[in-house]
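Biologist: I'm new to this one, so please pick a single part and walk me through it slowly.

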Amino acid sequence: MSTSRILPSSFLFIALLLAGCASSGSGTLPEDTASIDNVQDLVMHLGRQGYVLRPVQLTSPFSLADVGYEYQVEGERIRIYEFESAEAAGHAVEEFLLDTSGGGQSTIFRHRSLLLAYAGNSPSLHLTVANASGPAVY
């Protein structure tokens, strides 16, 4: 067998192997965040991470959300809004920033049908929310 026939097939095999390895971890959620589908799931997840969420009156309601909650966590606030679908939550990010002026003081996260606005400075809480929801969208 000539080396001219071995190289292309070896290259193809290695390329497919590397593509499979690269895609196996990307776009997947850690096992404990994969089950977060609603506000209650997220609150329970944060509780398992050691945070105590105390419900407070929602100070900045968002009219496009189906459900909205606000929690105080270690002296900071997290607003969580739930939408009918992930698509609706995605479209609502920009409207949320305009409607509530939340972008000036909050970091915005979106996970499936949830929109989270975190207004605080705790690196560990910020990281925990990001791990639960994915990277900030604003």
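Let's start with Arg77: is this residue buried, exposed or partly exposed, and what is its relative accessible area?

Modeller: Arg77 is partly exposed, at 33% relative accessible area. (Buried is under 20%, exposed is over 50%, and partly exposed is in between, using a 1.4 Å probe and protein chains only.) Before going on, residues are numbered from 1 along each chain as its sequence is written, and side-chain values use heavy atoms, with hydrogens and water left out. This is a predicted model, where local features need pLDDT of at least 70 and side-chain atom pairs count only at pLDDT 80 or more, while totals for chains, interfaces and linings use all residues.

Now, Arg77's partner. Its side chain meets that of Glu70 in a salt bridge, 3.2 Å from N to O. As a rule, side chains of opposite charge can pair when their charged atoms come close.

Counting that way gives two salt bridges. The other joins the side chains of Asp37 and Arg112, at 2.6 Å from N to O. Asp37 sits in the loop between helix H1 (3–25) and helix H2 (39–48), and Arg112 in the loop between strand E4 (107–111) and strand E5 (114–119), so this pair ties together parts that are 75 residues apart in sequence. (Helices, H or I of at least four residues, and strands, E of at least two, are DSSP runs numbered from the N terminus.) Asp37 is partly exposed at 44%, and Arg112 is partly exposed too, at 32%.

Conventions: Salt bridge = Lys/Arg side-chain N within 4 Å of Asp/Glu carboxyl O.
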